[in-house]
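I went through it topic by topic and wrote down what I found.

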Amino acid sequence: MNRTIATTLLSFAALAIAACAQPAKTDAAAKPAAETTPAVESKKIEKPAATAPEAKQAEKPAAPAPAPAAPAAPAAPTAPAAPAAPAATPAAPTTPATPAPVVAAPTADAKVAFVKMTTNKGDIIIELDRVKAPISTENFLKYVNKGQYNGTVFHRVIKDFMIQGGGFDGTLTEKPTEAPIKNECTNGLSNARGTIAMARTNDPNSATAQFYINTVDNKMLDGRPGRPGYAVFGKVVDGMNTVDAIRAVKTGQKMANSRGGQGPMGDVPMETVEIIKVVEIPAPAMAPAAPAAK
């Protein structure tokens, strides 16, 4: 066994001597050079600056040099003066024009106006209240002055209530009117006997030309909160006897032609009660009032 171990040791020693006899290699040859990794170049994409468009100013062409002044035109020869016209023959004396009919001027008192209503039963003088019922008064006077009421009739008569007219002609055909007006029923004037008020439909602001005269006190027609009434705008100051003559006529039913169509109408006088004309007049002379009772 000892001879085997010795032989092995001699073999290892021979290998070691042979290794020492070989030339040594340089480090550079022994170790291959490491490959150099090329650096990655970072490319930043830059947005090119926008080139501002050149502002092109429109060039105005230079004004041409002023043309040389034109030579002055030769003066026109002066025309000889025309001979004076012979003196005109004196005009014949003119016939004075026929003066226009004089229309009665309205009262100078701006607070009231007066009209005279001529009927085939007599005259009625009415005072209109411009202060308390300016809209109704001016509306009524507008129809008066355009002749709207001339030739109309009292088409509705209820003896112990009122007489109504101004809307129908003698054939009971309704006349055209202008736009309706605002209701002035809260003006403090009451539907007392002898007062005149605007007739209307169920629409409170529908009055146009028709009117009525109260033959008795009708305070239930006055306006009150929540219930529009009928606007009083004046009163009869003379001619209540005519009003009473009209209220006494016999009435019945007749065919009428209204804007709503043809049909029967009740409370129509059996005899025609015509409003011949209505005109504005100056303030009439009133009889002095009776002294108050003591």
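**Entry 1: Ser206**

I began with the neighbours of Ser206. Leaving out residues up to four places away in sequence, I found that Ser206 touches Pro180, Ile181, Arg200 and Thr201. Ser206 sits in the loop between strand S5 (195-198) and S6. Is Ser206 buried or exposed? I read a relative accessible area of 17% for Ser206. The cut-off for buried is under 20%, so Ser206 counts as buried.

I then looked up its polar contacts. The side chains of Ser206 and Thr201 are joined by one of 2.8 Å. The Ser206 side chain also reaches the backbone oxygen of Asp203, at 2.6 Å.

I found Arg200 over the face of Tyr230, 4.0 Å from the ring centre.

**Entry 2: confidence**

The average pLDDT for the protein is 75. A score of at least 70 is reached by 60% of the residues. Residues 13-96 have a pLDDT below 50. Where pLDDT is low, predicted coordinates should not be read in detail. I leave both stretches alone.

**Entry 3: overall layout**

I noted four helices and ten strands. Along the sequence the pattern runs α-α-β-β-α-β-β-β-β-β-α-β-β-β. The protein has 294 residues, and 29% of them are buried. I also looked at contacts between residues at least 6 apart in sequence. Of these, 66% join residues at least 24 apart.

**Entry 4: helix H4**

Which residues of helix H4 (residues 240-247) are buried? I listed Met240, Thr242, Val243, Ile246 and Arg247. Viewed down the axis of H4, they fall within an arc of 155 degrees, so they line one face of the helix. An α-helix has 3.6 residues a turn, so residues three or four places apart point the same way.

I followed the buried residues of H4 to their partners. They pack against S1 (112-119), S2 (122-129), S3 (152-158), S4 (162-169), S6 (211-214) and S7 (232-238), each of which is a strand.

**Entry 5: aromatic rings**

How many aromatic pairs are there? I counted seven. One is Phe154 with Phe211: the ring centres are 6.1 Å apart and the planes stand at 85 degrees, so the pair is edge-to-face. Phe154 belongs to strand S3 and Phe211 to strand S6, so this pair ties together parts that lie 57 residues apart in sequence. Both rings belong to buried residues. Phe154 has 1% relative accessibility, and Phe211 has 0%.

Ring pairs link Phe154 and Phe211 into a cluster with Phe140, Tyr143, Tyr149 and Phe233. Tyr143 has a charge over its face as well: Lys142 lies there, 5.5 Å from the ring centre.

**Entry 6: Ala110**

I finished at Ala110. Ala110 is in the loop between helix H2 (27-30) and S1. Is Ala110 buried or exposed? With a relative accessible area of 59%, Ala110 is exposed. I also checked Ala110 against Asp129. They are 19 residues apart in sequence, and their C-alpha atoms are 9.3 Å apart in space.

Notes: Residues are numbered from 1 along each chain as its sequence is written. This is a predicted model: local features need pLDDT of at least 70, side-chain atom pairs count only at pLDDT 80 or more; totals for chains, interfaces and linings use all residues. Side-chain values use heavy atoms; hydrogens and water are left out. Buried means under 20% relative accessible area, exposed over 50%, partly exposed in between (1.4 Å probe, protein chains only). Helices (H or I, at least four residues) and strands (E, at least two) are DSSP runs, numbered from the N terminus. The arc is that of the directions from the helix axis to the C-beta atoms. Contact means heavy atoms within 4.5 Å. pLDDT is the predictor's confidence in each residue, from 0 to 100. Rings of Phe, Tyr and Trp (its six-membered ring) pair if their centres lie within 6.5 Å; planes under 30 degrees apart count as stacked, over 60 as edge-to-face and the rest as tilted. A charge sits over a ring if NZ of Lys or CZ of Arg is within 6 Å of the ring centre and within 35 degrees of the ring normal. A polar contact is a pair of N or O atoms within 3.5 Å; within protein, one must be able to donate a hydrogen and the other to accept it, and residues adjacent in sequence count only if both atoms are side-chain atoms.
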